[in-house]
Amino acid sequence: MGVEQEIGNGILPGVRFVMQQARHVSIERAGVQRAADEIVRRELPIPGWNATWHFTDGSWRTAHYLLVLDALNFSFWARPDVPRWGIDYAGQSLRGYWALAAALKRAIEAGYPLYEASFMADCPAETLAGILAGRGEIPLFEARLAHLHEVGQTLLSHWEGRFTNFLAACEGSAVRVAERLPEAFPSFRDESLYAGRSIRLAKRAQILPADLWGAFAGEGPGRFHDIDGLTAFADYKVPQVLEALGVLRYSDALVTCLTAAEELPAHGEMEVELRAATILGVEILREVLAARGRVLSAVELDWILWELGLSPDVRFKPYHLTRTTAY
């Protein structure tokens, strides 16, 4: 069975459809070759699972923590004149995703049963605000509260309060987890309409099984026989890296928007093209790397690129700003 069939619901065919018509983003084959050369030359490692900022105890509680983490894992950017949300934890100043991961871990360490479905389902707004308290204000707080309530209520009403029951029903398939998450938990739904066609992008629905795989080292709740069936995770960080590497090329209009820090509307033409190009660009780069002897899954390559995005020569390049719960 081919990868496109395994992924299901048309992720790769959908993004190929977008890129066949895209006006604002293109994939540069020569840039892909150069990026592959660079990754091979530098022997960039696959980042290991970070147990410093993530809660990890090896039990079902870790699976529940990751469900909450990825239910709330979106939209951390702030405009230059607005303080970006972050926290201090274990002597470090954290922002964005790492701040969220550590804030939830900090809450569990403080005695909040964040892994209990009943706590998720009925968590008061002031309690979640306290859990996320730090520097600045986290964007889309009300949406995060709604997502937390949804996952808790769904676990209680359909899965006897255990996310591991949901995972067991997926029978060790990461692809099935990614497909069924939006059905069971609508807040994980991530699709856009482009040229009259529904395009499934599934950022958070795919990153959750990948995180389970990483946290459990491919065992227990993280044991999946088809982790290679996932695509890259289409957010705003990975395209920033791909553009810096020369894999992606932007139209003059898009460059103007990014340089001026103009907000791109969710599901708009530019935003969908950026996300589709991210997924397809990583697939093409992965194939070129494999031909050079560096065999990586899309998940592993995404993690390498995301880590590369933290380097000073990449992190300060403009990236697209879209206020959305998708990523």
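**Salt bridges, cysteines and a helix pair**

Q: Is Cys-257 buried or exposed?
A: The relative accessible area of Cys-257 comes to 12%. Under 20% counts as buried, over 50% as exposed and anything in between as partly exposed (1.4 Å probe, protein chains only). So Cys-257 is buried.

Q: What kind of model is this?
A: Residues are numbered from 1 along each chain as its sequence is written, and side-chain values use heavy atoms, with hydrogens and water left out. Local features need pLDDT of at least 70, side-chain atom pairs count only at pLDDT 80 or more, totals for chains, interfaces and linings use all residues, and the model is predicted.

Q: How many disulfides does the structure hold?
A: A disulfide here is a pair of cysteine sulfur atoms within 2.5 Å. Cys-123 is there, buried at 2% relative accessible area. Still, the number of disulfides in the structure is zero.

Q: How many salt bridges are there?
A: For a salt bridge, a side-chain nitrogen of Lys or Arg has to lie within 4 Å of a carboxyl oxygen of Asp or Glu. Asp-57 and Arg-61 make one, at 4.0 Å from N to O. By this rule, the salt bridges number 12.

Q: Which residue forms a salt bridge with Glu-171?
A: Glu-171 is exposed, at 58% relative accessible area. The closest N and O atoms are 2.9 Å apart, and the partner is Arg-176.

Q: Which helix holds both Arg-286 and Glu-283?
A: These two side chains meet in a salt bridge, 2.9 Å from N to O. Arg-286 and Glu-283 sit about one helical turn apart because they are three residues apart in one helix. Helices are DSSP runs (H or I, at least four residues) numbered from the N terminus. This one, residues 269–291, is H14.

Q: How is helix H12 oriented relative to H15?
A: The axes, lines fitted to C-alpha atoms over the stretch in contact, come within 9 Å and cross at roughly 80 degrees. Angles run from 0 to 180 degrees between N-to-C directions, and 65 to 115 degrees is the range that applies here. So H12 and H15 are roughly perpendicular.

Notes. Helices (H or I, at least four residues) and strands (E, at least two) are DSSP runs, numbered from the N terminus. Angles under 35 degrees count as roughly parallel, over 145 as roughly antiparallel, 65 to 115 as roughly perpendicular and the rest as oblique.
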